[in-house]
Amino acid sequence: VKHIGVLTSGGDAPGMNACLRAVVRMAIYRGIQVSGILRGYAGLLAGEMRAMDVGSVGDIIHRGGTVLRTARCKEFFEPENQALAAGKLKDAGIDALVVIGGDGSFRGAQALMRHGIRIVGIPGTIDNDIPGTDYTIGFDTAVNTVLDAINKIRDTATSHDRTNVIEVMGRRAGHIALLAGLGGGAESILVPEVPFDLDEVCARLLRGHDRGKLHSIILVAEGAGSAVEIGKRIEEKTGLETRVTILGHIQRGGNPTATDRIWASRMGAQAVEALLRGQSNIMLGVRKGELVEENLDKALTERNGLDEPLYRLAGVLSI
Ligand code: ADP
């Protein structure tokens with residue numbers, strides 16, 4: 001491996017820049033060339049790449065988003081375009097690629113691998129929904145952003161004696177809702193992985209209210225249902241004044257937390273080391289607090305379930 005490429009793909013996540021910085025700086029430290037590909041697979045198909053030097057990743061470790069920008073690219077699902085993209089890399093002398101993104105991006109990377117490109121995947125998404133790892137870059141920042149919002153909503157909720165339904169990101173997975181709900185003391189946490197009974201949610205609310213609780217927070221992962229609908233039905237069923245907040249894209253932005261920056265830096269550096277060792281078809285991940293290299297094919301078939309004991313604990317503590 002003499003020349004590696006790096007791209008960010010799929011949804012952006014805070015910490016991707018810190019990861020990119022680590023890939024570029026470790027490559028330079030180890031004496032290999034490194035090129036940044038803009039706008040994920042869309043930019044690769046369009047041949048948008050630039051040589052990266054030490055200064056090209058200066059002053060970005062603390063910034064959200066990705067300076068390489070990112071894209072979703074329908075054309076890349078076509079086998080002929082995958083061959084074309086691999087050709088662009090080979091023409092540039094790039095024989096190995098670091099892909100920072102979600103599992104969709106890793107499936108795209110597998111297509112490039114079939115054309116002889118070495119691949120290391122780095123999990124980057126706020127949702128933490130990538131199989132094969134306990135943690136993804138951006139998740140910690142997103143959870144902290146939601147916590148910050150809960151704190152603010154609590155202040156006003158207490159003053160007005162209101163129930164607040166807060167919708168957070170997570171179409172397929174309730175990880176953000178669970179961690180932010182546990183950390184933020186939510187009364188109920190509704191996630192796509194666990195069926196819920198709205199009557200039970202309401203009974204819990206009324207019990208709290210009768211006990212003299214001044215406010216309640218219900219966290220809803222978007223995949224569990226619409227917060228607007230759920231809020232309406234709670235108000236109808238309980239008669240408690242209910243407000244709905246949809247946090248939306250503020251969860252995707254912001255300066256990465258220390259946790260995200262540190263894992264992103266470690267993973268970026270490790271990706272280069274792994275390629276230099278001759279590795280390919282791997283994804284970096286975190287298991288039991290350790291940085292691990294997982295076989296990519298195997299990782300993508302694993303299940304990434306909700307932390308069930310943690311979910312039960314959140315339920316017990318919010319009685
Ligand atoms: P994420 O990487 O965050 O899961 P997506 O699922 O949107 O995001 O995937 C990002 C991009 O990766 C897609 O727009 C597409 O270009 C490429 N991709 C996703 N799945 C595949 C696949 N099965 N085969 C080839 N390319 C894919």
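Is Arg 72 buried, partly exposed or exposed? Arg 72 counts as partly exposed because 14 C-beta neighbours lie inside 10 Å. By the rule used here, a residue is buried if 20 or more other C-beta atoms lie within 10 Å of its own, exposed if 12 or fewer, and partly exposed in between, with C-beta atoms placed from the backbone.

## Before you start

This is a predicted model, in which local features need pLDDT of at least 70 and side-chain atom pairs count only at pLDDT 80 or more, while totals for chains, interfaces and linings use all residues. Residues are numbered from 1 along each chain as its sequence is written.

Let us begin with strand β5, residues 118-123. Helices (H or I, at least four residues) and strands (E, at least two) are DSSP runs, numbered from the N terminus. β5 is mostly covered, with 6 of its 6 residues buried. Arg 118, Val 120 and Ile 122 point one way, while Ile 119, Gly 121 and Pro 123 point the other way. In a regular strand the side chains alternate between the two faces of the sheet.

β5 runs parallel to strand β4 (residues 96-101), and 6 bridges join the two. Strands pair if DSSP finds at least two bridges between them. Within this pairing, Ala 96 has Arg 118 as its bridge partner. A further 2 bridges join β5 to strand β10 (residues 282-287), again in parallel, and here Val 120 stands opposite Ile 282.

Between β4 and β5 comes a helix to look out for. Together, β4, helix α4 (residues 103-113) and β5 make a right-handed β-α-β unit. Right-handed means that, with the strands pointing away from the viewer, the path from the first strand over the helix to the second runs clockwise.

## Around the ligand

The ligand is surrounded by 17 residues, and the closest are Gly 10, Gly 102, Gly 104, Ser 105 and Gly 108. A residue is near a molecule if its C-beta atom, placed from the backbone, lies within 6 Å of it. Helix α4 gives the largest share of this shell, 6 residues. By type, the shell divides into 5 nonpolar, 9 polar and 3 charged residues.

## Positions from the UniProt record

An unreviewed UniProt entry lists Gly 11, Arg 72, Cys 73, Gly 102, Asp 103, Gly 104 and Ser 105 under "binding site". These positions are spread over 95 residues of sequence, yet they cluster in space, with a largest C-alpha distance of 14.1 Å. Such annotations may be inferred rather than shown by experiment. Arg 72 sits in the loop between β3 (49-51) and α3 (79-91). Gly 102 belongs to the loop between β4 and α4, and Gly 102 is buried because 21 other C-beta atoms lie within 10 Å. Leaving out residues up to four places away in sequence, Gly 102 touches Gly 10, Gly 11, Thr 125 and Ile 130. Two residues are in contact if their C-beta atoms, placed from the backbone, lie within 7 Å.

For "active site", the unreviewed UniProt entry lists Asp 127. Asp 127 lies in the loop between β5 and α5 (139-160). With 25 C-beta neighbours inside 10 Å, Asp 127 counts as buried. Beyond four places in sequence, the contacts of Asp 127 are Met 169, Gly 170, Ala 173, His 175 and Ile 176.

Methods: Nonpolar A, V, L, I, M, F, W, Y, C, P; charged D, E, K, R; others polar.
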